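Dear colleague,

Please read the notes with the coordinates open beside them.

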Amino acid sequence: MAEKKPENPINNGKNGKPSGGFSLTWFYIAIATALIFTIFYDDSAPMKEVQYSDLQEYIKDGYIDKIVVVTNTNHAEVSLVDDSTVIYNVLGAADVKKYSKKPQIQSQIPSPEKLDDFVASVTEKSGRKIDIKYEERKDYASTFLWTFGPILVFIAIWIIMSRRMTGGGGIFSVGRSKAQIIEKGNKMNVTFKDVAGLSEAKQEVQEIVEFLKNPKKYTDLGGKIPKGALLVGPPGTGKTLLAKAVAGEANVPFFSLSGSDFVEMFVGVGASRVRDLFRQAKDKSPCIIFIDEIDAVGRARGKNPAFNANDERENTLNQLLTEMDGFGTNSGIIVLAATNRADILDKALLRAGRFDRQISVDLPDVHERKEIFEVHLRPIKYAEDLDIDLLAKQTPGFSGADIANVCNEAALIAARRDKKVVDRQDFTDAVDRIIGGLEKKNKITTAEEKRAIAVHEAGHASVSWLLEYANPLVKVTIVPRGKALGAAWYLPEERQLTTTEQMLDEMCALLGGRAAEQVVLGRISTGALNDLERATKMAYSMVVYYGMSEKLKNISYFDSTQQDYSFTKPYSDKTSEIIDNEIKSIVQTQFDRAVKIITDNKERHGELASILVEKEVIYADDVERIFGARPWKTRMDEITAKQ
């Protein structure tokens with residue numbers, strides 16, 4: 001699907017610029033700064049550190065006026081006598097100003113008792129009395145740090161972890177909804193014009209938008225606003241883009257979140273978030289709630305009771321069911337949801353009154369692919385003669401996301417080749433790159449291997465060309481791509497029903513490579529692995545699912561829910577043996593058929609293989625020159641003519 005890059009209209013304090021409210025983060029930083037300042041700030045005067053022996057000499061010489069002994073640390077802080085000569089002798093001329101405040105020196109003493117005895121002996125001999133004081137000091141900051149520090153660290157770690165687990169809102173906001181809110185008036189730059197294709201799906205959701213814009217038109221006739229719509233389809237088909245277009249068109253508050261946003265490690269959080277989401281929605285009704293990937297929370301309950309089911313997820317689902325259509329009413333709230341796994345959703349979630357509509361968003365057909373190409377080609381400088389119809393026909397089975405990737409890849413390839421515009425060859429190479437993988441021209445292959453690969457791929461081309469219902473050939477290459485040593489590109493018919501003859505012809509074409517190896521080279525190789533896998537799966541589907549075998553006609557063991565046959569087979573061992581024999585018979589019959597086709601056209605197949613060895617890539621017109629025009633008219637004739 002196509003999407004313009006929207007400006008972000010969401011500004012609820014979690015996205016974009018901050019909302020301007022007070023943040024607890026700054027509060028925590030202020031507390032930490034104050035604590036660090038308290039611990040490391042020291043307002044005491046600087047003192048010169050001296051040895052205890054030097055201190056004894058100063059006491060003997062009469063340089064000491066006062067001593068303060070800190071008894072709990074055996075530390076002495078000493079003030080010198082008020083004599084400039086003494087001060088200069090003890091401190092030194094360079095440090096006089098630095099230690100100008102009293103006390104000027106400090107020393108570590110053996111013990112207060114020994115210092116007291118030494119001072120008493122000096123006083124007795126000299127008669128000079130020295131003032132000595134004893135005091136005990138406590139470092140309250142260190143005491144606080146060692147007592148409460150570990151607790152504070154634990155609390156800080158707990159707060160950080162809780163904020164990360166709950167999206168930054170703190171542990172007390174864990175039960176709040178994580179939905180992004182697009183307020184009324186803040187339009188997204190995505191509208192229905194940006195959604196190419198999906199005409200039926202757009203019509204369904206456009207009606208919901210019309211109901212919100214003009215409800216009287218419907219209520220006058222007794223109609224009610226639908227409770228919800230479920231967008232179902234393969235990945236990349238544009239379900240989320242369609243929801244964005246609804247947000248851009250409806251002009252009502254739009255709540256957007258993912259199904260996994262309800263899931264949390266704490267018990268009861270999911271149900272709490274569902275309640276908070278619908279509480280906010282009621283305050284802003286009429287509004288739309290969009291839940292992307294709803295299968296994360298809406299999976300069917302109690303499917304595997306033997307394996308302890310996630311009760312928390314089931315509680316969340318129960319709350320969602322109640323809010324969507326329970327005892328209370330939520331008028332004016334429309335729930336849009338998207339999933340590509342509708343088969344695993346709970347039946348209570350899918351019933352009318354909750355999701356009134358299931359909107360299928362399928363892979364685009366050829367006309368829709370053309371529309372999607374036109375949207376994605378807008379920003380690309382492409383050649384004027386580029387045939388968009390041809391691009392659409394060459395990309396069967398591509399989703400909108402795949403087509404966007406093709407356009408981007410083609411632009412990158414053209415830029416790599418220093419081109420001014422992107423031409424058809426760039427788009428062809430982009431499709432090949434996406435389907436087959438990166439081209440590996442430098443991959444080492446011997447001449448014998450190259451010949452074997454050419455014989456194998458020419459076998460596919462020959463058999464498919466000579467079968468009525470085989471897919472039309474586009475080109476064949478023996479240039480390695482990804483893990484494949486060669487490849488044949490086809491253009492499948494876009495049909496809704498497939499007959500037995502069509503499946504058998506396609507299977508025969510798949511086995512044409514292995515048949516060519518056996519007929520031409522007289523030996524087989526491992527290169528047919530992917531062909532054999534696909535042929536076997538096709539034969540299995542014919543027998544087990546579609547009832548197309550001779551011995552098991554009109555019987556299907558297909559399980560549309562993909563749940564009932566998880567641990568047991570729906571058939572007996574005898575039937576299983578019949579299935580095996582039927583699959584072997586179908587595959588062998590088509591292989592023998594392919595061998596006969598290659599044998600009958602051995603010369604033309606050999607010529608095609610020789611051209612393939614020489615050119616490495618051949619197209620449908622090369623095959624037509626050798627085998628002649630196909631007698632069956634297909635839409636491939638148009639493309640061949642344009643080539």
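**Surface patches**

Phe144, Phe148, Ile151, Leu152, Phe154 and Ile155 make up a nonpolar patch on the surface, and together they have about 570 Å² of accessible area. Please bear in mind, here and below, that this is a predicted model. Phe144, one of the residues of this patch, has its place in helix 5, which covers residues 140-165, and with a relative accessible area of 36% Phe144 is partly exposed.

There is also a patch of negative charge on the surface, where Glu200, Asp362, Asp365, Glu371 and Glu374 gather. Among them, Asp365 is found in the loop between strand 11 (357-360) and helix 13 (366-376), and its relative accessible area of 32% makes Asp365 partly exposed.

**Strands and their pairing**

Strand 9 (residues 287-292) is largely enclosed by the rest of the structure, because six of its six residues are buried. Cys287, Ile289 and Ile291 point one way from this strand, while Ile288, Phe290 and Asp292 point the other way, and all of them are buried. In a regular strand, the side chains alternate between the two faces of the sheet.

Which strands does strand 9 pair with in the parallel sense? Strand 8 (residues 254-258) runs parallel to strand 9 and is joined to it by five bridges, with Asp292 of strand 9 as the bridge partner of Ser258. Strand 10 (residues 333-339) likewise pairs with strand 9 in the parallel sense, over six bridges, and here Ile291 stands opposite Ala337 of strand 10.

Elsewhere, five strands form an open sheet in the order 1-4-3-2-5, with mixed pairing. The edge strands of this sheet are strand 1 (48-49) and strand 5 (131-135), each of which pairs on one side only. Within the sheet, strand 3 (residues 75-80) and strand 4 (residues 105-108) pair in the antiparallel sense over four bridges, and Ala76 stands opposite Ser107 in strand 4.

**Salt bridges**

A search of the whole structure finds 19 salt bridges. In one of them, the side chains of Arg417 and Asp429 meet at 2.6 Å, N to O. This pair links distant parts of the chain, twelve residues apart, since Arg417 is in the loop between helix 15 (400-416) and helix 16 (424-436), whereas Asp429 is in helix 16.

Finally, salt bridges that share partners join Arg417, Lys419, Asp423, Asp426 and Asp429 into one network.

With kind regards

Conventions
Residues are numbered from 1 along each chain as its sequence is written. This is a predicted model: local features need pLDDT of at least 70, side-chain atom pairs count only at pLDDT 80 or more; totals for chains, interfaces and linings use all residues. Side-chain values use heavy atoms; hydrogens and water are left out. Patches are made of residues with over 30% relative accessible area and no salt bridge: like charges are joined within 9 Å, nonpolar side chains (Val, Leu, Ile, Met, Phe, Trp, Tyr) within 5 Å. Accessible areas come from the Shrake-Rupley method with a 1.4 Å probe; for residues, only the protein chains shown count as cover. A salt bridge is a side-chain nitrogen of Lys or Arg within 4 Å of a carboxyl oxygen of Asp or Glu. Lys and Arg count as positive and Asp and Glu as negative; His and the chain ends are not counted. The place of a charge is taken as NZ of Lys, CZ of Arg, CG of Asp or CD of Glu. Helices (H or I, at least four residues) and strands (E, at least two) are DSSP runs, numbered from the N terminus. Buried means under 20% relative accessible area, exposed over 50%, partly exposed in between (1.4 Å probe, protein chains only). Two strands pair if DSSP finds at least two bridges between them.
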